[in-house]
Amino acid sequence: MAGIDNKHLEWWREARFGMFIHWGLYAVPAGEWQGKRIPGIGEWIMYRGQIPIAEYEQLTAQFNPVKFDAEAWVKVAHEAGMKYLVITSKHHDGFAMFKSAHPYNIVDATSFKRDPMKELADACHQYGVRLCFYHSQDLDWNDPGGSMHWEEIDHPLDPAVKKALFAKYLEEKVKPQLRELLTNYGPIGLIWFDVPAAVTREQSHELRELVHSLQPECLVSGRVGHDAGDFGSLGDNQIPAGRVQGDWETPATLNDTWGFKHYDHNWKSVEYLVRLMVQCASKGVNYLLNVGPTAEGLIPQPSIERLQAVGRWLKVNGESIYGTQQSPFPCDFPWGRVTCKPGRIYLHFFGWPGPDFALAGLRSRVRGVRLLADGRQLVPFRQEHDAASDHHLLRLSLPETAPDPHLSVIALDLAGEIEVDPLPVQQPDGGLVLPAYLARLEGPPQMQLERAGSITGWNTAGAQLRWTYRLREPGRYRVLVQTFMDRERSESFAPREGLQYFYGNHRLRLSVDGQALAGLVGRKDLIMDESVNRWHTAESDLGAIDFASAGAKELTLAMEEPDQTAELGATVCGVRLVPVGVG
């Protein structure tokens with residue numbers, strides 16, 4: 001990212017949780033066109049349904065959101081614990097949801113005649129929520145200069161002509177509308193650009209500089225393109241598989257669409273939403289959770305109910321999310337996730353461990369332990385240290401049952417700065433995780449650690465990953481190789497030029513302690529169940545290894561035979577060792 005004065009990022013880092021709103025003309029068809037349900041996300045109906053511009057523009061006659069109440073919307077965000085609100089000022093259909101000099105806008109082209117952005121600005125000021133705008137700078141299916149018109153797939157324009165049209169579109173529509181947004185609605189927290197398809201590096205930087213020239217403290221999202229943003233944007237609904245460097249945000253949906261679809265009732269559970277928030281915070285990533293209002297101007301009731309429940313959880317546990325930093329430990333734990341602040345660590349439990357819990361690898365002296373569900377209840381604890389192996393162990397005596405119905409949090413108050421073992425440490429349950437970001441990469445230049453914690457460009461035989469770690473308990477261990485995959489990319493991949501799959505089944509060879517295992521890793525273990533997050537970590541079982549002794553170990557994972565039918569190499573994000581008979 002290009003970077004900005006750190007003081008301008010302070011509010012965003014403190015916030016951790018925001019509301020995304022996708023609202024526009026596409027709420028009128030609500031996923032259906034001429035009696036046919038159009039596959040894909042609701043706001044892309046014009047593209048996926050290949051609706052002619054003249055026909056789509058007729059939706060303005062039907063768009064009259066008389067039930068829109070800006071204060072009610074912002075109140076929902078406020079009560080959910082969301083600190084900023086990002087709303088679509090113009091999506092890819094080219095229709096502006098604010099008063100603009102360009103006539104294709106909600107005030108001039110509909111009977112509604114009101115500017116919802118102005119009303120939201122007033123409501124956000126009232127509730128202390130920062131107003132931010134999403135603005136599609138690249139795709140615009142209503143303007144001849146906008147990119148990704150479906151007609152151009154079969155009848156592409158001359159590249160020079162298209163380049164000139166796009167430059168004209170930026171100068172005559174995008175930049176003037178950005179000036180309007182950053183001039184007419186008071187202080188704006190950030191501009192959330194999207195899909196940098198045709199924009200050049202120079203144009204991305206021009207947009208960034210324009211925003212900063214009008215409002216120096218306004219942030220620019222990474223999807224402005226070419227690393228010109230002030231913070232990065234991960235993939236939709238993406239949870240990083242490992243640590244990320246810098247400032248990042250994950251946009252996420254409450255169901256399977258961003259813009260309203262009348263038949264999408266696949267709502268995520270409250271527990272799922274809280275868990276996703278925790279997983280993002282544990283990586284130092286902001287969580288931008290979407291609602292898609294109806295054409296009448298109402299946020300669907302199932303969205304409101306879930307956000308209210310998330311808000312109740314945050315009222316009790318918010319200190320473990322707001323203003324926190326990513327986990328200080330070198331890897332994730334199977335029982336949950338960790339966040340921290342100076343002098344304090346928060347343990348988030350996905351499942352309650354029962355009365356006895358132990359954590360290995362914390363070197364800091366603990367002053368006290370408490371349950372956030374009842375901040376007055378102190379938890380008995382004991383710290384142990386084996387000088388011979390330099391093994392640190394924290395033991396907690398917990399209540400029999402979980403204090404929170406969704407996700408319980410324990411705060412560890414420390415006597416000084418946070419200090420943990422820098423190497424992956426075998427936990428009391430015997431398990432050990434070796435994340436990809438701690439491995440030494442030995443291969444060609446294109447083999448790199450991807451921003452979300454997995455390996456990219458790993459399709460060369462002989463290229464390998466190498467870890468150093470400490471094993472505390474000898475014995476037999478199952479070896480599970482973890483790969484990070486996107487179910488939707490796998491499903492939508494169109495075979496071409498000998499490539500049949502997006503992800504492959506690559507043959508990898510693992511060596512440790514003079515022993516070796518080999519097997520296929522990847523697509524065969526991808527979970528296609530839609531109840532699982534589209535981005536998830538699949539595990540491929542290579543078999544078992546016998547460790548005769550404890551101590552320092554070195555484990556190598558090498559590419560033996562890449563899958564030539566797949567577009568991507570092995571997207572490994574880690575290796576997990578599990579004692580035989582456990583988990």
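Author: Just after helix 1, Arg16 takes a positive phi of about 65°. This is a predicted model.

Reader: Which residues are buried in helix 1?

Author: In helix 1, residues 6-15, the buried ones are His8, Leu9, Trp11, Trp12 and Ala15. Viewed down the helix axis they fall within an arc of 145°, so they line one face.

Reader: And what does the face of helix 1 turned away from the buried side carry?

Author: That face has the exposed residues Lys7 and Glu10.

Reader: Switching topic. At what angle do helix 8 and helix 9 pack?

Author: About 20°, with the axes 10 Å apart. Helix 8 covers residues 159-184 and helix 9 covers 201-214. Because angles under 35 degrees count as roughly parallel, helix 8 is roughly parallel to helix 9.

Reader: Is the crossing left-handed or right-handed?

Author: Helix 8 passes helix 9 in a right-handed crossing.

Reader: Which residues meet there?

Author: From helix 8, they include Phe166, Leu170, Val174, Leu178 and Leu182. On the helix 9 side, Leu207, Leu210, Val211 and Leu214 are among them. By class, the contact has 10 nonpolar, one polar and four charged residues.

Reader: Now His391. Where is it, and is it buried or exposed?

Author: His391 is in strand 17, residues 391-397. With a relative accessible area of 12%, His391 is buried, because the cut-off for buried is under 20%.

Reader: What is His391 in contact with?

Author: Leaving aside neighbours within four places in sequence, His391 contacts Ala360, Glu384, His385, Asp386, Val425, Gln426 and Arg472.

Terms used: Residues are numbered from 1 along each chain as its sequence is written. This is a predicted model: local features need pLDDT of at least 70, side-chain atom pairs count only at pLDDT 80 or more; totals for chains, interfaces and linings use all residues. Side-chain values use heavy atoms; hydrogens and water are left out. Helices (H or I, at least four residues) and strands (E, at least two) are DSSP runs, numbered from the N terminus. Buried means under 20% relative accessible area, exposed over 50%, partly exposed in between (1.4 Å probe, protein chains only). Contact means heavy atoms within 4.5 Å. Axes are lines fitted to C-alpha atoms, for helices over the stretch in contact, and angles run from 0 to 180 degrees between N-to-C directions. Angles under 35 degrees count as roughly parallel, over 145 as roughly antiparallel, 65 to 115 as roughly perpendicular and the rest as oblique. A crossing is left-handed if the near helix is turned anticlockwise from the far one by less than a right angle, and right-handed if clockwise. Ala, Val, Leu, Ile, Met, Phe, Trp, Tyr, Cys and Pro count as nonpolar, Asp, Glu, Lys and Arg as charged, and the others, Gly among them, as polar. The arc is that of the directions from the helix axis to the C-beta atoms.
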